[in-house]
Amino acid sequence: MASQKITSALADIEASANPQNKLQLYSDLLSDVVSTSSADQLAQDLIFYLDSVLSEDISIVAARPILDSFIAVLRKLDPETQIKVGQHAVTLLQSRSTSVEEQDSQIRELLADAYESQEEYIAAARALQGIHIDSSQRLVSDAAKVRLWVRIVRLYLEEDDTTTAEAFLNRIKNLPSKIEDHELKLHFKLSQARILDARRKFLDASQEYFNVSLAAGVDESDRLQALAAAIRCAVLGPAGPQRSRILATLYKDDRATSVEEFGILEKMFLDRLLNPAEVAAFSERLAPHQLAQTADGTTVLDKAVVEHNLVAASKLYENITTDALGAILGLEGSGDLTAGEKAEAYAARMVEQGRLSGSIDQIDGVIHFQSSTAATRQHIRQWDAGVQGLAEDVERVATSITDAFPEFAAGQTVH
């Protein structure tokens, strides 16, 4: 409830018959409210004041200057008061927002700032969503729209609401004009990377993070953070040619040795087996969504490590039993499946998807790898067999000639 002093003052103003005099009285009272109301009473007094200003007795056009002064006062208050008063203000302006769109926009932005300072990111995003950007009363440039939408995207990403964030990101993509502002473009790329990351499209996210790490105008510490994020996503991506290309790009970057993730990056690039201790240390730097369990009860990291170690094993062995492979991969039996059967399932899926070259003999329980090294050895064996076959054919022809023409053969003998 408003204080008695403010209530009486507002009643006197409302009783005044002179509209011009009313505006001056309201302006004077606003300064008095801010200077005399206690901290606990200020929010209620301002709400009561706003109710009176936006009553039907004053036209909305006449009330605009008072609203501008009110907004200027509100900017100087603490976030808690801004939220209480700002919420009430946007509710009151909803029915008249077409006439005071600029003021409504300013209050919503101020309200969003206050919510964000309190880490209420969803509330801040919803406050911004209410801003009218397609209106004949107020011209909003494409750059201003992008700036608003990028901020909304970032707020939703703070709460991992990737679905809503992506919807606003798509609005930016659908704009007819390109984003010219470098800072906005950078925020757009970073938001896109975070959405891809959250949706577990890790290889695409890795590429976007890497692009951000190379962008001009980014602080060196932020560049390294983006590079580290790119490495983490590359590690979590499915094993295969695409990940190999990304790992190669990251490994060859001179800055890679400066981040903690370089150790696991190097091992993956060189196709070396990862041990549990290395994986555990790496997992401590992952975000919660990167450690979430999948439908089969494993994490994305577990799957990525198994697939990587399977590829690494294919570089070491031409063939191996499924049971031995299961032991190398650190798999454990569960339910009706043994560790060997799990290893076979991983290998079969990767072979089917073209991410691993090889074949599986299910009868003998043996996996035959067709790695680049094994393929080279097989090619050499095939070449040797071809040369041997040609030599044997030549020898057979020579023997046939000797048998058919002994005199000729004898004359060709070198003494």
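Let's start with what covers the buried residues of helix α5: the cover includes α3 (39-53), α4 (60-75) and α6 (101-117). Contact here is heavy atoms within 4.5 Å. Buried is under 20% relative accessible area, exposed is over 50%, and partly exposed is in between, with a 1.4 Å probe and protein chains only. The buried ones in α5 are Thr81, Gln82, Ile83, Val85, Gly86, Ala89, Val90 and Leu93.

Quick word on the source: this is a predicted model, where local features need pLDDT of at least 70, side-chain atom pairs count only at pLDDT 80 or more, and totals for chains, interfaces and linings use all residues. Residues are numbered from 1 along each chain as its sequence is written, and side-chain values use heavy atoms, with hydrogens and water left out. Helices (H or I, at least four residues) and strands (E, at least two) are DSSP runs, numbered from the N terminus.

Back to α5, residues 79-93. How far apart are its end C-alpha atoms? They are 20 Å apart, and that agrees with the 21 Å that 15 residues should span at 1.5 Å a residue. The expected span is 1.5 Å times one less than the number of residues.

Okay, helix pairs. Helix α1 (residues 4-15) and α3 have axes that come within 10 Å and cross at roughly 10°, so the two are roughly parallel. On the α1 side, the contact uses Ile6, Thr7, Leu10 and Glu14; on the α3 side, Asp45, Phe48, Tyr49 and Ser52. Axes are lines fitted to C-alpha atoms, for helices over the stretch in contact, and angles run from 0 to 180 degrees between N-to-C directions. Under 35 degrees counts as roughly parallel, over 145 as roughly antiparallel, 65 to 115 as roughly perpendicular, and the rest as oblique.

Now take α13 (residues 241-251) and α14 (residues 262-269): their axes also come within 10 Å, but they cross at roughly 130°. That's why α13 and α14 are oblique to each other. Arg243, Leu247, Ala248, Leu250 and Tyr251 in α13 meet Phe262, Leu265, Glu266, Met268 and Phe269 in α14.

Last stop, the sheet. Three strands make an open, antiparallel sheet, in the order β1-β3-β2. At the edges sit β1 (319-321) and β2 (358-361), each pairing on one side only. From one strand to the next, the twist averages 15°. Helix α18 (residues 339-352) packs on this sheet, touching β2 and β3, and its direction makes about 140° with that of β2.

Two strands pair if DSSP finds at least two bridges between them. β1 and β3 (residues 366-369) have three, while β2 and β3 have four.
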